[in-house]
Amino acid sequence: MPTKRDVEHTLENRDWEKLISLAKENRNILRQLMARIYVKDGLIFWRAVEALGVVTHALEQDEKKVAVEILRRYFWMLNDESGGTAWNSSEAIGSIIAHCPVTCGKFNWMLSGLLEDDSLRDGVLWGLGQMAQNAPHLVEPLDERIKPFLQSEEPLTRGLAAFIYMLMKPFQELIPLYRESGPKWKVSEEMDLGLKKDQGLLEFYQNGEVRTYHISDLWRASVISFWTKKVTIRDLETELTIASSAEGVCWLSLGSSETEEKELQSWVSRWFPGSFLIRRREPNSRAIQELKEYFEGTRRQFSIPIHSKGTPFQQKVWEELQRIPYGETRSYGELAVSVGNPQGQRAVGMANHCNPIGIIVPCHRVIGKNGSLTGYAGGLDIKQRLLELEGVRR
């Protein structure tokens, strides 16, 4: 049986694959995680909270009721009859619902009801923040319960509420939401101005680390939403990673989602500093649909907006890429001439390689002078199939 130290080691390394493997062999891992959450002692506590959601989701694939049973146990331990022994349970409940929204989404109102308990409030708000990232539709009806805490005297409470509002604003813009008193997830101009200037500091767990934020930075932060999906290009299966800002698609890559997500995180840190990278299908669904049509051979042009980020020279090269018609190719030399730098084939090649929006900005249509495929970030096998899909003969 895995020891306490074995579990601690996986938490230290955030090795979810190993932890899931251990849990599938021995369900005692869940009990160890639940016990570890009793003590709120920094980073490892938060990793245990996250791990509980991750592991529960994995086990739920084989046993559908496991997540619901854990949540019911937590809510029971919170009631007076049990003596209220579920310390730090609100964080655990939020993590499980965020990771298992399909089966556990019905507990969203019960979790938000715990906001009335001062001792649980910040944990509930943190949990709702995780839900707003993974399943915003579960948080959408809760704005009236969360809004009062934007005026809390406690920076942590106020900041967590601001974080949820920041996450929900893009969702509101995509799908306008209303109540009798007006649009949801909106605040008065006076409150908006106050939060934009709020220099209160708070710490909370996000993306594997406990980070410090100013409330004003949270309120004004932007969201980059990304999604991964398995796709088939002719006879080749691969994974697609796509990300969008409020302006349009800013990243599209093919290949191992694990590798591409790490690349995306680094790229977002450089080009969208201060933004939050959130796993969320919206606002990428329209692009995913157009890409599906492209892979099926029924679409030749894309109509979705893009938000291109790069150096001025890179942008110039990428604009030329978009002028290459479907089913045609250009050499690096021809592309260099097009951008007014006939001797700059190497620079053009580097700009082509750095293109963050594959397929839509069709860098796969650039080949060597002798017709060779040359390099492609997603791999030459993918490049070959994309050209075959478009009917290119070499």
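What share of the contacts with a separation of 6 or more comes from residues 24 or more positions apart? The figure is 61% for this protein. Keep in mind throughout that the model is predicted.

**The whole chain**

Start with everything shown. The C-alpha atoms fill a box of roughly 80 × 55 × 35 Å along the principal axes. The protein has 20 helices and 10 strands. Of its 394 residues, 53% count as buried.

**Stop 1: helices 1 and 2**

Select residues 4–13, helix 1, and residues 16–25, helix 2. Their axes come within 8 Å and cross at roughly 150°. An angle over 145 degrees counts as roughly antiparallel, and helix 1 and helix 2 are therefore roughly antiparallel to each other. Show the side chains at the contact. Helix 1 supplies Val7, Thr10 and Leu11, while helix 2 supplies Trp16, Lys18, Leu19 and Leu22. By class, this contact of helix 1 with helix 2 has 5 nonpolar, 1 polar and 1 charged residues.

**Stop 2: helices 3 and 4**

Next, select residues 28–36 for helix 3 and residues 43–60 for helix 4. The axes of this pair come within 9 Å, with a crossing of roughly 150°. That angle makes helix 3 roughly antiparallel to helix 4. The crossing of helix 3 and helix 4 is left-handed.

Now display the contact. On helix 3, pick Leu30, Leu33, Met34 and Arg36. On helix 4, pick Ile44, Phe45, Ala48, Ala51, Leu52, Val55, Thr56 and Leu59. The contact of helix 3 with helix 4 has 10 nonpolar, 1 polar and 1 charged residues.

An α-helix has 3.6 residues a turn, so residues three or four places apart point the same way. Look along helix 4 with that in mind: Ala48, Ala51, Leu52, Val55, Thr56 and Leu59 are among its contact residues.

**Stop 3**

Which residues touch the most other members of the largest nonpolar core? Select Leu33, Tyr74 and Ile146. This core has 77 residues. Helix 4 gives the largest share, 10 residues. Leu33 also belongs to the helix 3 side of the contact with helix 4.

Then move to a second, separate core of 35 residues. Val249, Ile288, Val317 and Ile324 are included in that second core.

**Stop 4: Met77**

Go to helix 5, residues 66–78, and pick Met77. Buried or exposed? Met77 has a relative accessible area of 9%, and under 20% means buried.

**Stop 5: Gln206**

Select strand 3, residues 201–206, and find Gln206. Gln206 counts as buried at 2% relative accessibility. What does Gln206 touch, not counting residues up to four places away in sequence? Show Gln130, Gln133, Phe163, Arg211, Tyr213, Phe276 and Ile278 around it.

**Stop 6: backbone points in loops**

- Trp185 sits in the loop between strand 2 (182–183) and helix 13 (189–197). Its phi is positive, about 60°, although Trp185 is not a glycine. Trp185 is buried, at 2% relative accessible area.
- Ile359 lies in the loop between helix 19 (345–353) and strand 10. Its phi is near 65°, a positive value in a residue other than glycine. Ile359 is buried, with a relative accessible area of 2%.
- Pro283 is in the loop between strand 8 (276–279) and helix 16. The peptide bond from Glu282 to Pro283 is cis, with omega near 5°.

**Stop 7: helix 20**

Finish with residues 380–389, helix 20. Which of its residues are buried? Colour Ile382, Lys383, Arg385, Leu386, Leu387 and Leu389. Lys383 and Arg385 are among those buried residues.

Now show what the buried residues of helix 20 pack against. The strands are strand 5 (223–233), strand 6 (236–244), strand 7 (249–254) and strand 10 (366–367). The helices are helix 16 (285–295) and helix 18 (332–338).

Step past the end of helix 20 to Gly391, whose phi is positive, near 80°.

Methods
Residues numbered from 1 in each chain as written. Predicted model: local features only at pLDDT ≥ 70, side-chain atom pairs only at ≥ 80, totals over all residues. Heavy atoms only, no water. Buried < 20%, exposed > 50% of the residue type's maximum accessible area, 1.4 Å probe, protein only. Helix = DSSP H or I, 4+ residues; strand = E, 2+ residues; numbered from the N terminus. Contact = heavy atoms within 4.5 Å. Core = buried A, V, L, I, M, F, W, Y, C linked by side-chain atoms within 4.5 Å. Axes fitted to C-alpha atoms, helices over the stretch in contact; angles between N-to-C directions. Parallel < 35°, antiparallel > 145°, perpendicular 65-115°, else oblique. Left-handed = near helix turned anticlockwise from the far one by under 90°. Nonpolar A, V, L, I, M, F, W, Y, C, P; charged D, E, K, R; others polar.
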